[in-house]
Amino acid sequence: MENKRHLIALDLDGTLLTDKKEISSQTKQTVLTAMEEGHIVVISTGRPHRASISYYHELGLDTPMVNFNGALIHHPTDSKWDALHSPMPIRTAHKIIEACYDLDVHNILAEVKDDVYLDSYNKDIIDIFQSSKNDSPFTIGNLQQNLTEDPTSLLIHPKETHIKELRSHLDDYHAELIEHRKWGAPWNIIEIVKKGMNKAVGLQKIAHYYDIPQDRVIAFGDEDNDLEMIEYAGVGVAMGNAIDELKDIANHVTTTNENEGIGDFLQNYLKLEVKPV
């Protein structure tokens, strides 16, 4: 492999992070070595900024970041960078919320960048979405009343028997305006963002910013919200624990997030000499 500068995009959950939501020391060492060699590393995640910034700082990054599956593309350490925030229209959000009430879903959560609105109190959901005690407090209560701005994303927690019905409703009535994805286990969460938003949109913008051609973009992922990014990247890499659909379109399949999948691939592909940890 020629040692030209590459753009390396890392999904977080199930990819960079172990099942304990940590970056393994060996993978971290490999990523840092790649950066020392001049390669550019970015985080590309469905998570909001507040739930990914700690990993950004842990890796010592100084690059743009893709959050909310492309609905927010920004630079955490450079306010002059041309950020792109693409929320969905609030009228659409309210119509979807109304349909969710009709289906009697467990809960609905709306995010406006780092502000979080939760339809009904649920400690488990708060624990997942509140990264630290320094986060802004959740606004809890009826979303039809409390949500007054275009949301960056909507997250629906439906009853398991209603998942298919809900996704069919979204396709039938809102397909022109939104994208929806299903989270992996253990949560049956439907995530909704504005139409046309995906991780590839963010990655393309960042690659253009650094003047890196598509064939030198390496992207790692494991779930269906990584499909466009893996397809866009010249070097799309599915984790060993990835869904079959992602493995089918990827250029490469590496080992799992529990077995140094990112580190192993980067060492071999970029011919990195990584000091053992």
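**Cavity, sheet and helix packing**

Colleague: Which element gives the largest share of the lining of the largest cavity?
Modeller: The largest share amounts to three residues, where a lining residue has an atom within 4 Å of a cavity point, a cavity being a set of points on a 1 Å grid over the protein atoms alone where a 1.4 Å probe fits but cannot get out. This is a predicted model, in which local features need pLDDT of at least 70 and side-chain atom pairs count only at pLDDT 80 or more, whereas totals for chains, interfaces and linings use all residues. Residues are numbered from 1 along each chain as its sequence is written, and side-chain values use heavy atoms, leaving out hydrogens and water. With strands taken as DSSP runs (E, at least two residues) and helices likewise (H or I, at least four), numbered from the N terminus, the element is strand 10.

Colleague: How many charged residues are in the lining of the largest cavity?
Modeller: The lining includes E179, H180, R181, E191, V193 and K199, and the elements that give two or more residues to it are strand 10 (178-182) and strand 11 (190-194). If Ala, Val, Leu, Ile, Met, Phe, Trp, Tyr, Cys and Pro count as nonpolar, Asp, Glu, Lys and Arg as charged, and the others, Gly among them, as polar, the lining has two nonpolar and four polar residues, and the charged ones number five.

Colleague: Which strands stand at the edges of the open sheet?
Modeller: Five strands make up this sheet in the order 2-1-12-13-14 with parallel pairing, where two strands pair if DSSP finds at least two bridges between them. Each edge strand has a single partner strand, so one side of each is left without a neighbour in the sheet, and these are strand 2 (40-43) and strand 14 (252-253).

Colleague: What is the bridge partner of V237 in strand 14?
Modeller: Strand 13 (residues 235-238) runs parallel to strand 14 and is joined to it by two bridges. In strand 14, V237 has as its bridge partner H252.

Colleague: At what angle do helix 4 and helix 7 pack?
Modeller: The contact (heavy atoms within 4.5 Å) is made by T92, K95, I96, A99 and C100 of helix 4 and by L166, H169, L170 and H174 of helix 7, which divide into five nonpolar, three polar and one charged. Axes are lines fitted to C-alpha atoms over the stretch in contact, and angles run from 0 to 180 degrees between N-to-C directions. For helix 4 (residues 90-102) and helix 7 (residues 163-174), the axes are 11 Å apart and the angle is about 145°.

Terms used
1 Å grid on protein atoms, 1.4 Å probe; cavity = no way out; pocket = protein on both sides within 12 Å on 5 of 7 lines; lining within 4 Å.
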